[in-house]
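This briefing goes through one protein model by topic. Please keep the sequence and the 3D view open while reading.

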Amino acid sequence: MKIAVTGAKGLLGWHASARLHATACAACFRKEDPPHELVTIDRATFADPARLAAALDGVEAVLHFAGVNRGPEDEVEAGNPAISRALVAGCETAGVRPHVVYANSTHAARDTFYGRSKRIAGEVLAGFTDRYTDLVLPHIFGECARPYYNNVTATLIDQIWQGEEPTINPDGRVQLLHAGAAAQIAIDAVLDGTAGTLAPEGRDTAITELYDKLSGFHALYTANVFPDLDDPFDLALFNSYRTGGYPQHYPRMLKVNADPRGVLFESAKGGNCAQSFLSTTLPGQKRGDHFHFDLVERFLVVHGDATIRIRKVLTDEVHEFEVSGGAPAAIDMPPLHTHNIENRGEGEVITFFWAHRLFDPANPDTYADPVGPIAEAAEGKT
């Protein structure tokens, strides 16, 4: 199925694109054809009707996440309906009538400038195709969300990492749903042909409770302790928190206790049902080139010199970290970021790995994807 994702550089669009990209990576590893063709559509494409129509050519489904959430009231109120009309016009020019899943909001039921904007945008799409899914979402959070734009969770995370004291409404509450879960619901809707209204529930959480939990994560993590991650919601929230510190707060230097016998340091501790293992890597050799959805994984070189590279999937920017057994430094892999480790020295590299759960061969959560910059731009095919 050829699937277009609008707002592909935004929070929901990137999570959905990454999940579709993962299915292509998994199929490539099995030497099979990818089950879907992904077309990502960004703001620049919407600004060019001919380019938008070309991108929509042959599309069977559209995950419509593009939208305007912040700005002057009149611009927000007009912005979302205008984007929907542009999408419909692009489809008509391309001669396609795909299944459209629209990321709507619980605010659409309210008579506010934002509520009207979201409601009218949905009505435009519903009038275009019978295969329309109105995905009414609560408060979304997730890895790589923009603070002061996407959601309060991202803003609190940024303030915690910056050491700032936030101003919190003591009566405020949010219904939290992870972006990955919301993206998968949208993908499943087009794959299953589900039309109508879908309204997944979020976890009801007081803002004060959310801040206390995030602050608790920070206190543990900066003390080199992983929290209990048994609850999938806590795992998603912790991954969002720790990704907020990437790459500005990388690597995390470890306390080394040295005496005449040698050195001792704590590599990783805490979590629950964790797994650790060691590897050796010969000079010039490389390991990895894959990413995970939600695995909390630590790389720690204990002998030799190596380079660890990390790239956010579907982007080109690669961050490199030079690490050495002489200065133990922990590199914790962010979710949906492909990574590798290369021996850059003349001797053997020994690396300690820690993961928050046991490896399950039936559900490895590992998708092969070379770290080298992707050749295609954000708008394109994978």
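Within β9, Ala206 is the bridge partner of Arg173. The model is a predicted one. That residue pair belongs to an antiparallel pairing in which four bridges join strand β7 (residues 173-178) to β9.

- Strands β6, β7 and β9 form an open sheet in the order β6-β7-β9, and its pairing is mixed.
- β6 and β9 (203-206) are the edge strands, each pairing on one side only.
- On average, neighbouring strands of this sheet are turned by 45° against each other, direction ignored.
- Helix α7 (residues 179-192) packs on the sheet and touches β6 and β7. The direction of α7 makes about 60° with that of β7.
- Helix α9 lies across β6, β7 and β9, and runs at about 65° to β6.

**Helices α8 and α9**

- Two packed helices are described by the angle between their axes and the distance between the axes.
- For α8 and α9, the axes come within 10 Å and cross at roughly 65°.
- The crossing in which α8 passes α9 is right-handed.
- On the α8 side, the contact is made by Leu210, Lys213, Leu214, Phe217, His218 and Tyr221.
- These residues meet Asp234, Leu237, Phe238, Tyr241 and Arg242 in α9.

**Aromatic residues**

- The model has 17 aromatic pairs, counting ring centres within 6.5 Å.
- Phe226 and Trp354 form a stacked pair, with 4.2 Å centre to centre and 15° between the planes.
- Phe226 lies in the loop between α8 (207-221) and α9 (232-243) and Trp354 in strand β20 (residues 349-355), so their pairing ties together parts that are 128 residues apart in sequence.
- Are Phe226 and Trp354 buried or exposed? Both of these residues are buried.
- One aromatic cluster is formed by Trp161, Phe217, Tyr221, Phe226, Phe238, Tyr241 and Trp354. Among its members, Phe217 and Tyr221 in α8 and Phe238 and Tyr241 in α9 also take part in the contact between those two helices.

**Charged ends over rings**

- Arg146 has its charged end over the ring of Tyr149, 4.0 Å from the ring centre.
- Lys312 has its charged end over the ring of Trp14, 4.6 Å from the ring centre.

**Strand β20 and its partners**

- Six of the seven residues of β20 are buried, and the strand is mostly covered.
- Strand β13 (residues 275-281) pairs with β20 in the antiparallel sense over seven bridges. Gln275 has Ala355 in β20 as its bridge partner.
- Strand β15 (residues 297-303) also pairs with β20 in the antiparallel sense, over six bridges. Ile350 in β20 stands opposite His303.

**The five-stranded sheet**

- Five strands make an open sheet in the order β17-β16-β19-β14-β21, with antiparallel pairing.
- β17 (318-324) and β21 (367-368) stand at the edges with a single partner strand each, so one side of each has no neighbour in the sheet.
- Strand β16 (residues 305-312) is joined to β17 by seven bridges, and the two run antiparallel.
- Ala306 has Val323 in β17 as its bridge partner.
- In a regular strand the side chains alternate between the two faces of the sheet.

**Backbone details in loops**

- Which peptide bond joins Tyr246 and Pro247? The bond is cis, with omega about -5°. Pro247 is found in the loop between α9 and β10 (252-253).
- The peptide bond from Tyr250 to Pro251 is also cis, with omega near -15°. Pro251 lies in the loop between α9 and β10.
- Tyr148 is a residue other than glycine with a positive phi, near 65°. Tyr148 is found in the loop between β6 (139-141) and α6 (152-162). Its relative accessibility is 47%, so Tyr148 counts as partly exposed.
- Asn224, in the loop between α8 and α9, likewise has a positive phi, near 65°. Why does Asn224 count as buried? Its relative accessibility is 14%, and buried means under 20%.

Definitions and conventions:
Residues numbered from 1 in each chain as written. Predicted model: local features only at pLDDT ≥ 70, side-chain atom pairs only at ≥ 80, totals over all residues. Heavy atoms only, no water. Phe/Tyr/Trp six-rings, centres within 6.5 Å; stacked < 30°, edge-to-face > 60°. Buried < 20%, exposed > 50% of the residue type's maximum accessible area, 1.4 Å probe, protein only. Lys NZ or Arg CZ within 6 Å of the ring centre and 35° of its normal. Pairing = 2+ DSSP bridges. Axes fitted to C-alpha atoms, helices over the stretch in contact; angles between N-to-C directions. Left-handed = near helix turned anticlockwise from the far one by under 90°. Contact = heavy atoms within 4.5 Å.
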